[in-house]
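Visitor: I have just opened this structure and would like to learn how to read it. Could you take me through a few features, one at a time?

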Amino acid sequence: MMKSPKRFRTGLALAALVAAALTGCSTTDGGSGTTADGLTKVKLQLQWFKQGQFAGYLAAADQGFYKEQGLSVDILDGGTDIVPQTVLAQGQADYAVAWVPKALASREAGAGITDVAQIFQRSGTKQVSFKSENIPDAAALRGKTVGNWGYGNEFELFAGMTKAGLDPAKDVKLVQQQFDMNAFLSKDITAAQAMSYNEYAQLLETKNPATGKLYTADDFATIDWNAEGVAMLQDAIWANTEKLKDAKYQEQTVKFIAASLKGWIFCRDNVDKCRDITVAAGSTLGASHQQWQINEVNKLIWPSPAGIGMVDSTAWNRTVKIAKDTKNQEGATVLKKDPDASAYSSDYVMKALEQLMAAGVDVTGTGYAPKQVTLAEGGK
């Protein structure tokens, strides 16, 4: 039986979880020790389970890029009950992948973390509706049932509605969406949240009961928050701020970033191979879904005119402004004040880029062009 959508739950729940977790913050060295062959052990905490969203890190391990840097990296799955930036702050990992606004909320709650490489340059979040609903932009959400995952994922949506002149607390019916598209497909939600690389693909992998064939992009309308001017920065590599005072950790951070960037560059140029690497890493999603996911993630990274991993100050400032100014239905914002100067640093990624460029590696992807990916039913 289809579950009805829950009432919308906001980022306040996330903030409460973060604050509670940080209360018991430890200083355990997440990656202490070396392997038998002398590699430094490092732990990377993902924000979700292994999938194409993290293909660059999986490729860096599979292709030996971490080993080239003298590192043995243990890539840790995330999940619904794992806050990666908190795991990092508690010392249970050496690095973490997390969305910028969520990580900044954790910093404001006391987490000592620093963005050392901004991997995604663009937002992958969309609001999807059936084309028959005639919702081409945020203004058209008025009076509609609007789904969102909550837990800090809602602020682009709220910023978009506010910019369009809507009061999110009054002008739409907000419901908490599950991490799937079932309620949307059953028409319980009119406009649903979807990542371009995951949930949107799930729609295109599903048969349209009216035709017996897979849905196509022509069946849907999407609101792209990049186009609406309210996109927030997402996946970044975060390091432990306190440990960055240590020269050894600084050197390790440059090595880790260089290998990770090389992994992402490999996936830019070898989508099919990275699909196979991701599937082999244990993803429960199918091969065509992973290929789609990697291809779509590449669009969020490439081209990177300043070099992959560099922070675009305009995008950063926009993210901070939305995090400070946009209120959810409870009147809360992501941030209460500007983050301090240690919120991000370009020092380590610049050194990593210099290393890669010296080796003749293309770090900007100026000529990047996405592949055409055909999805199979169920993403198989």
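This is a predicted model: local features need pLDDT of at least 70, side-chain atom pairs count only at pLDDT 80 or more; totals for chains, interfaces and linings use all residues.

Guide: Gladly! Strand β4 and strand β11 (residues 235-240) run antiparallel to each other, paired over five bridges.

Visitor: Which residue of β11 is the bridge partner of Ala98?

Guide: That is Ala236.

Visitor: In which sense do β2 and β4 pair?

Guide: Strand β2 (residues 40-45) pairs with β4 in the parallel sense, over two bridges. Here Leu44 has Tyr95 of β4 as its bridge partner.

Visitor: How many residues of β4 are buried?

Guide: When you look at a strand, check both of its sides. In β4 (residues 95-99), five of the five residues are buried. Tyr95, Val97 and Trp99 point one way, while Ala96 and Ala98 point the other way.

Visitor: What is Leu44 in contact with, beyond its neighbours within four places in sequence?

Guide: The list includes Tyr95, Ala96 and Val97, and Tyr57, Val73, Asp74, Ile75, Leu76 and Phe256 also belong to it. Leu44 is also among the residues with the most contacts inside the largest nonpolar core, which has 55 residues. Tyr57, Ile119, Phe256, Leu261 and Ile308 are named alongside Leu44 there.

Visitor: Which element gives the largest share of this core?

Guide: Helix α9 (residues 247-269) does, with 11 residues. Apart from this core lies another, of 39 residues, including Ala89, Ala315, Val334 and Ala343.

Visitor: Now a helix, please. What should I keep in mind?

Guide: An α-helix has 3.6 residues a turn, so residues three or four places apart point the same way. With that in mind, look at helix α6.

Visitor: Why is α6 described as largely enclosed by the rest of the structure?

Guide: Because seven of the nine residues of α6 (residues 155-163) are buried. They are Phe155, Glu156, Leu157, Phe158, Ala159, Gly160 and Met161. Their cover includes β6 (125-130), β7 (145-148), β8 (173-176) and α12 (313-325). Just after α6, Gly165 takes a positive phi of about 90°.

Visitor: Which side chain does Lys102 join in a polar contact?

Guide: The side chain of Asn153, through a polar contact of 2.9 Å.

Methods. Residues are numbered from 1 along each chain as its sequence is written. Side-chain values use heavy atoms; hydrogens and water are left out. A nonpolar core is a set of buried Ala, Val, Leu, Ile, Met, Phe, Trp, Tyr and Cys residues joined through side-chain atoms within 4.5 Å. Buried means under 20% relative accessible area, exposed over 50%, partly exposed in between (1.4 Å probe, protein chains only). Helices (H or I, at least four residues) and strands (E, at least two) are DSSP runs, numbered from the N terminus. Contact means heavy atoms within 4.5 Å. A polar contact is a pair of N or O atoms within 3.5 Å; within protein, one must be able to donate a hydrogen and the other to accept it, and residues adjacent in sequence count only if both atoms are side-chain atoms. Two strands pair if DSSP finds at least two bridges between them.
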